[in-house]
Amino acid sequence: MHIVCMPAQTKNKKISMAKEKRTAIEPTRQEDYPEWYQQVIRAADLAENSPVRGCMVIKPWGYSLWENMQRALDAMFKDTGHTNAYFPLFIPVSYLEKEAEHVEGFAKECAVVTHSRLEAGPDGKLVPASPLEEPLIVRPTSETIIGEMYSRWVQSYRDLPILVNQWANVVRWEMRTRLFLRTAEFLWQEGHTAHATKEEAETETLKMLRVYETFAQDFMAMPVICGRKTEGEKFPGAVDTYCIEAMMQDRKALQAGTSHFLGQNFAKASNIKFLSESGEQEYAWTTSWGVSTRLIGGMVMTHSDDDGLVLPPKLAPLHVVILPVLHNDSEKANVLAYCNSLKDEISSQYFNGDKIKVSIDSRDIRGGEKVWSWIKKGVPLRLEIGPRDIANSAVFAARRDTGEKKAYSRAEFVASLPEILGKIQNNLFARAKKYRDDNTSEIKGRKEFYSYFTPQNPKKPEIHGGFACANYDGSEDVEDMLRKDLKVTVRCIPLLGGEPDGNCIFTGKPAKYKAVFAKSY
């Protein structure tokens, strides 16, 4: 939380500038949210910009988060019957042209390879040589290349369903980038399935949406709304796009994952045909679904505070860090021995099905610097162990989510550690859900809607607005107007609660939906 401290005054009215309490991250969320986000990432050592414009280097602490996300999601995919494969990074431009909406949707974001080698030019600098017969697109998404392969693999209804996922990188040539949220290259997974019937494919689409919902809420402690995108917001070439939408602490929405029912559009473009049980040639029904390293950005913005990163225990690279407190060298051996034996006890405990991850920070740096480095990295629990704790067979623990500090007996702490981590996980979800619910409003009129999304002082960065639920007639003209006037979009039509209860607040016509509107990333 942002603590505001007032300067002290002396009795003779002389103002003495008392030492103000400062936050570890400056500016604070309230002062400049976009810059606060960048500073949290920097302070936690998650990632940094690369020499290549728009790309990022994910550093070990940040990549550990992605590995933990990947491991949890991969298990969920396999539990639902999917297997992993890998498809080429390069896609012939003619493949992208096969599906008209698809190429139109991605054309401006494509990175294009036109030559196959380099050679020295007249000035000695390397220049492209050997033009390719056909340009290659660096994978922005893989529907077209995977569709080509499925057309070779599928001959009969017996070859279906195909339930495949790939973990890969993709490139979308973004002009305005931000670490994790929008970069020219990012990591993701993309599932691609093919089915014999429409019903099977629709069931798959919604099943994977629920997988994402479960992961976001149970692992990331990030509450989400499940819904369907409007015609103007759906994936290029899809029949229906479903999404999970989360609220960040600046009250903007983050689209955290999508699942697409592609109908037979891509099957027809790629000629994925099969002989049905009745002996008829039919086109397959396909789906695709994906989440990316954007989830890390979402987790940062959902839970972190003005002192740095806050991590949910289920995804934290480290659950507990032990900080030896040494007043002189004579204490070192005894304190480190106690810390090592405590580490062994803690690492034999389990949380969320895995051994609890614990480390000792024995670096030769000042204690305060050491403490703040781990606060900024978001480790759920810090233990400070000194001679007095050893004498009492105790530990002194601090929770990152609440800042609560408490002394435990050693045996009590070790035994209750899985429960403490569970409480931290649950508290983060409850806190984020309360914030979202407190900043979600039912809007009954157009004037109220515009006021809700208009800052009171446009010159001063501030957090305003939130999620607005309103009756909407489904018109793309309304969506265009809101983008232009307020930079607000229809985030989704909720799967629960998306039924209208009146006329559209913008046009006065009968409403088709009650939609969720927000500013977004």
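Colleague: Is C226 buried or exposed?

Modeller: Buried means under 20% relative accessible area, exposed means over 50%, and partly exposed lies in between, with a 1.4 Å probe and protein chains only. C226 has a relative accessible area of 7%, so the residue counts as buried. C243 is buried as well, at 0%. The model is predicted, so local features need pLDDT of at least 70 and side-chain atom pairs count only at pLDDT 80 or more, while totals for chains, interfaces and linings use all residues. Residues are numbered from 1 along each chain as its sequence is written, and side-chain values use heavy atoms, with hydrogens and water left out.

Colleague: How many disulfides does a search of the whole structure find?

Modeller: A disulfide is a pair of cysteine sulfur atoms within 2.5 Å. The search of the whole structure finds zero. For C226, the closest cysteine sulfur is that of C243, 8.1 Å away, which is too far for a bond.

Colleague: How many residues of helix 5 are buried?

Modeller: Helix 5 is mostly covered, with eight of its 11 residues buried. Among them are E143, I146, Y150 and S151. S151 counts as buried because its relative accessibility is 18%.

Colleague: Which residues does S151 touch, not counting those up to four places away in sequence?

Modeller: Contact means heavy atoms within 4.5 Å. With that sequence limit, S151 touches S270, N271 and I272. Across the chain, 70% of contacts between residues at least 6 apart in sequence join residues at least 24 apart.

Colleague: Where is the place of A316?

Modeller: A316 sits in the loop between helix 8 (294–303) and strand 15 (320–324). With a relative accessible area of 1%, A316 is buried. Leaving aside neighbours within four places in sequence, A316 is in contact with N68, L311, K357 and P380. The C-alpha atoms of A316 and S64 are separated by 8.2 Å, although these residues are 252 apart along the chain.

Colleague: Which residues in the largest nonpolar core touch the most other members?

Modeller: A nonpolar core is a set of buried Ala, Val, Leu, Ile, Met, Phe, Trp, Tyr and Cys residues joined through side-chain atoms within 4.5 Å. The largest one has 59 residues, and L46, M69, F180, F215 and M220 touch the most other members. Helix 2 (residues 60–79) gives the largest share of this core, eight residues. Another core, of 27 residues, lies apart from it and includes V310, V335, Y408 and L417.

Colleague: How far apart are the mean positions of the positive and negative charges of the chain?

Modeller: Lys and Arg count as positive and Asp and Glu as negative, leaving out His and the chain ends. Each charge is placed at NZ of Lys, CZ of Arg, CG of Asp or CD of Glu. The chain has 69 positive and 69 negative charges, and their mean positions are 7 Å apart.

Notes:
Helix = DSSP H or I, 4+ residues; strand = E, 2+ residues; numbered from the N terminus.
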